[in-house]
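Open the model in your viewer and follow the stops below. Each one gives a selection and what to look for there.

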Amino acid sequence: MLFDLQPKSRREDLYDRERELQEFQSAIDLGERMVLLLGIRRLGKSSLLNVALTESGMPYAKIDVRSLYFTHGSIPQEILARRILGSLLSTISSSKALRLRLEKVLSSVKGLKISGFQVEFESRPDLAEILEKINLWAEKEGTRAILAFDEAQYLRLSGIQYDGLIAYAVDNLPNLTFVLTGSEIGTLHDFLGLENPKKPLFGRYAGEIVLERFGRDESINFLQKGFGELGMAVDELEIERAVDRLDGIVGWLTMYGYLRGVRKLSENEALEELFNRAQALVREELSTLLAYSRRYGIILRAVAMGNETWSTIKEYVEFKGGPINDAKFSNLLNNLVKYGYLEKKGRKYILPDPVVQEAIRG
Ligand code: ADP
Ligand code: MG
């Protein structure tokens, strides 16, 4: 169902994204070592990743780095190793032989215990060794193993040099492909440092798949198709009104369709509920950021209220929050761009998502 709120995982529930799926597949077929899947929040990265991984027909492991980080407050190697192996074992579970051969390759890893999909380590694992074993197994099987990290920028917050580990794997383990998604595109680029001579991944190549919002016609068609699935006739003007407010951001379109089509709210109720939910979501997403500096909130508000240039935003921020020096202000503003909350177009800063803009304006 198109209007299911969960990230999609079946091809038939995913609207379009044909080009992106093809790009993903050709990156895998070409044996690329690293693929980045980028786009602001709610454009469908996790959904695309799920479907692309299943469609690839390759063994893969998928780790939700964001939830791992928030569950544990960091990303210890042991937990990451367990998740990678647990996920990989479950995606190959339909072939007993494949699974047994993987367990055999892993049997030389000291302290590793596997029962079912449960993976335990008796001593601290060496993640590089685990990756070497997966690579060896994939090589023997004549395949590639895909290791996918959803919202990979959170790997930077672990205190462990995961960028160094990825660099080691990219250089030495040819049967692995790393897929990294990121809503915080600037942060992910900074973390990887493909163009930063001081970073271990400097100079390496990564294929990039950039998700864009749907165009107007596509958005209208998405809603029509979703309501059609539910056997519901919805006035074309209503659909146009929804698209006018929600833009082509598939997460919001899906939520509108869900509230209107599944929950059967009226047009106005559905929109009201959507904006309430959006406000709660945005508040939660911003909470970590606001703990660092409440000025982030003031800057976002400044932009949400229509201030667009460096100086008008700064004026608003100083009016609301007191004096701030230029360098510090620029730093906060640039961070918001890196985190994907703001976009810079020429000299102007904008909020890329009109629903988030409304939620911040309050
Ligand atoms: P992201 O990971 O970029 O934040 P998600 O994959 O979580 O985005 O998708 C956000 C919402 O939009 C979810 O409700 C998901 O079901 C829906 N969605 C995303 N992409 C599509 C698509 N191509 N077709 C149908 N629904 C989609
Ligand atoms: Mg996601």
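Predicted model: local features only at pLDDT ≥ 70, side-chain atom pairs only at ≥ 80, totals over all residues.

Two elements each give two or more residues to the shell around ligand 1: α2 (45–56) and α11 (250–262).

Next, select the shell itself. There are 21 residues around ligand 1, and L5, Q6, K8, K45 and S47 come nearest. By class, the shell holds 8 nonpolar, 6 polar and 7 charged residues.

Now zoom in on the oxygen atoms of ligand 1. Which residues put a polar atom beside an oxygen of ligand 1? Pick K45 and look at its side chain: a polar atom there lies 2.7 Å from a ligand 1 oxygen. Move to G44, where a polar backbone atom is 2.9 Å from an oxygen of ligand 1. Then take S46, whose side chain has an N or O atom 2.9 Å from a ligand 1 oxygen. Switch to a surface view: ligand 1 alone exposes 550 Å², and the protein buries 91% of that.

The largest pocket holds about 1500 Å³ of space. Select its lining, which counts 48 residues. Nearest the centre of the pocket are R41, R42, R66, E151 and E285. The lining divides into 20 nonpolar, 11 polar and 17 charged residues.

Last, colour by element. α2, β2 (60–64), α3 (65–72), α11 and α12 (267–292) each supply at least two lining residues. Which element gives the largest share of the lining? Select α12: 8 residues of the lining come from it.

Terms used:
Residues numbered from 1 in each chain as written. Chains lettered and ligands numbered in written order. Heavy atoms only, no water. Near = heavy atom within 4 Å. Polar contact = N/O pair within 3.5 Å; in protein donor to acceptor, adjacent residues only side chain to side chain. Areas by Shrake-Rupley, 256 points an atom, 1.4 Å probe, with all protein chains shown as cover. Helix = DSSP H or I, 4+ residues; strand = E, 2+ residues; numbered from the N terminus. Nonpolar A, V, L, I, M, F, W, Y, C, P; charged D, E, K, R; others polar. 1 Å grid on protein atoms, 1.4 Å probe; cavity = no way out; pocket = protein on both sides within 12 Å on 5 of 7 lines; lining within 4 Å. Points joined across faces, edges and corners; volume = space filled by probe spheres on them.
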